[in-house]
Amino acid sequence: MTENPTSGRARLRDQRRPDLDSMYTINSDGSRNMIQVADVKGRWNTRRNLMFALLIVVYLIIPWINVGGRPAVLVDIPGRAAHFFGMSFTNQDFHLFFFVLIGIGLGLFLVTSIFGRVWCGFTCPQTVFMEGVFRPIERLIEGRRLDRIRRNEKGGADKVWRKALKHLAYLFLSWNLAIAFMCYFIPTREMLHAIPFFTGNTSALLWSLFWTAVLYFDYSWFREQTCLIICPYGRLQATLVDYDTVIIGYDEKRGEPRSKGVDSGGDCIDCRRCVDVCPTGIDIRNGLQLECIGCTNCIDACDTIMDKISKPQGLIRFDSSRGFETGVSKLLRARFWIYAAVMAALLGLFVVRAGDRKPFSVTVTRTRGLPFVVENGVIRNHYSMLLQNKTDESRVYFVKARQDALAGHAGIEFLIPQERIELAPFGDAPVTLFAMMPLSNYVAPEDFNFTFSDSAGGIADDVQVRFRGL
Ligand code: SF4
Ligand code: SF4
């Protein structure tokens, strides 16, 4: 008897399977293979949903919290300042970001070396909003996986209105998320007055449209491709994990040989449930792959199957490669201690440098024209500086030549056109200073200092410059 080519069994047999040689989400002709992820329930899914709910609340609520009269987290680009839980930083503190960025990077390395991609599966905003918001909406409007597949194949009005409704909901959500994201750059109260049309603030309007488009494109179509193609962290996995890293893996010893019957062969019955629930379209039974974002869907899916066939859970589970092979795991190893030591050193440096910050800064800038001139037997040096108030209050500053400036030279004079300078919060102002010396007293270039002092804080800072002549 010949098999009907459109029968369910024939279609399943002919269905393309994920492999290690190609990306399952891209067809051989380069077109996109949109995967329909199956629903999954289980203990890890419950934990992840709780984590998603918590993080969504945290992401959305932070801009609304005020600390010391300012938003808890705000990057004020026009004001060239950033506020972080009561601490304020200006562009002059930008070097501190070096410690922050390297610290975050090393933190990710440390966690990844121990627990694999838990960041991707549990806390990355891409996953949190995709799995915690957009995917559930798709499920609500278009139904479960099989319903979606059937409707997509069949077409018709039922498909069209559901798709239209879903995309409208996605657009609305993307716009709201874009606004929520921009609240990290524009204070929430200003945003509330500006939305929905951003009257008078064209750049905010354009940014909101830009981010809405980016988020809509990402969550409605691009989806897992962000993790597979764009995310640099994902590309680094091969170098971050080792034999002892806890990963999500398939217990080959226990599962193979795969068997269709439940009483013979290994425990894997090749039901492909673990593949159907995978949001990146891979088959975890092929081994650890860069595409695995550690979402735990396959663990829950396989545990459910094991329950059904009365086999112990954990055919797919969290374990290290060593654990899968030998049953023994070793979490704390040299790699962990090295990352932890470097992180601790960076944290220490950050604390020292942040604690050392002065409430104002003075930068010597390039002077236009010649740095000195000789007129009527007198050398005149000209200095340009930029004084910046790094606090969120108005401050008054005084500038003078330090007492020992060019001491030992007769006839020295300093010309300070503006000795008292008042600056707005985070404001700055150029400062021009002159030093004069009779040509007959000049011997060689010599360094000296101007002193800037903050009248409120009583803090003084010496700025070294060089007197030149001939
Ligand atoms: S869900 Fe479990 S039993 Fe089913 S194919 Fe995957 S590993 Fe095998
Ligand atoms: S292989 Fe498992 S853990 Fe990895 S992405 Fe797929 S479903 Fe998630």
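**Rings, ligands and charges: a first look**

Trainee: Phe 84 first. Is Phe 84 exposed, partly exposed or buried?
Mentor: Phe 84 is partly exposed, at a relative accessible area of 43%. Buried means under 20%, exposed means over 50%, and partly exposed lies in between, with a 1.4 Å probe and protein chains only.

Trainee: What kind of model is this, and what goes into the values?
Mentor: It is a predicted model, in which local features need pLDDT of at least 70 and side-chain atom pairs count only at pLDDT 80 or more, while totals for chains, interfaces and linings use all residues; side-chain values use heavy atoms, without hydrogens and water. Residues are numbered from 1 along each chain as its sequence is written, and chains are lettered from A and ligands numbered from 1 in the order in which they are written.

Trainee: Back to rings. How many aromatic pairs are there?
Mentor: The structure has 23 aromatic pairs. Phe 84 and Phe 85 make an edge-to-face pair, because their ring centres are 5.1 Å apart and their planes stand at 90 degrees. Rings of Phe, Tyr and Trp (its six-membered ring) pair when their centres lie within 6.5 Å; planes under 30 degrees apart count as stacked, over 60 as edge-to-face and the rest as tilted.

Trainee: And how accessible is Phe 85?
Mentor: Phe 85 has 42% relative accessibility and counts as partly exposed. Tyr 383 and Phe 448 are also an edge-to-face pair, with 5.8 Å from centre to centre and 75 degrees between the planes. That pair links distant parts of the chain, since Tyr 383 is in strand 10 (residues 378-389) and Phe 448 in strand 15 (residues 446-454), 65 residues apart. Helices (H or I, at least four residues) and strands (E, at least two) are DSSP runs, numbered from the N terminus.

Trainee: Are Tyr 383 and Phe 448 buried or exposed?
Mentor: Tyr 383 is buried at 6% relative accessibility, and Phe 448 is buried at 2%.

Trainee: Which residues form an aromatic cluster?
Mentor: Phe 181, Phe 185, Trp 207, Phe 210 and Trp 211 form one. Trp 211 sits in helix 9 (residues 202-222) and is partly exposed, with a relative accessible area of 25%.

Trainee: What does Trp 211 touch?
Mentor: Setting aside residues up to four places away in sequence, Trp 211 touches Ala 178, Phe 181 and Met 182. Contact means heavy atoms within 4.5 Å.

Trainee: New topic, the ligands. Which residues are closest to ligand 1?
Mentor: Ligand 1 is surrounded by 13 residues, and the closest are Cys 268, Cys 271, Arg 272, Cys 274 and Cys 302. A residue is near a molecule or strand if one of its heavy atoms lies within 4 Å of it. Helix 14 (273-276) and helix 15 (297-308) each supply at least two residues of this shell.

Trainee: How does that shell divide by class?
Mentor: The shell around ligand 1 has nine nonpolar, no polar and four charged residues. Around ligand 2 there are nine nonpolar, four polar and no charged residues. Ala, Val, Leu, Ile, Met, Phe, Trp, Tyr, Cys and Pro count as nonpolar, Asp, Glu, Lys and Arg as charged, and the others, Gly among them, as polar.

Trainee: Which residues are closest to ligand 2?
Mentor: Cys 278, Cys 292, Ile 293, Cys 295 and Cys 298 are the closest of 13 surrounding residues.

Trainee: Where is Arg 272?
Mentor: Arg 272 lies in the loop between helix 13 (252-255) and helix 14. Arg 272 is buried yet has no salt bridge, and the nearest side chain of opposite charge, Asp 276, is 5.3 Å away. Lys and Arg count as positive and Asp and Glu as negative, with His and the chain ends not counted. A salt bridge is a side-chain nitrogen of Lys or Arg within 4 Å of a carboxyl oxygen of Asp or Glu.

Trainee: How many salt bridges are there?
Mentor: The count by this rule is 34. One of them joins Lys 166 and Glu 138, whose closest N and O atoms are 2.9 Å apart. This pair links distant parts of the chain: Lys 166 is in helix 7 (residues 157-182) and Glu 138 in helix 5 (residues 125-142), 28 residues apart. Lys 166 is buried at 4%, and Glu 138 is buried at 4%.

Trainee: What about Asp 454 and Arg 395?
Mentor: Their side chains meet in a salt bridge of 2.6 Å, N to O. Asp 454 lies in strand 15 and Arg 395 in strand 11 (residues 395-401), so the pair ties together parts 59 residues apart in sequence. Asp 454 is buried at 1%, and Arg 395 is buried at 13%.
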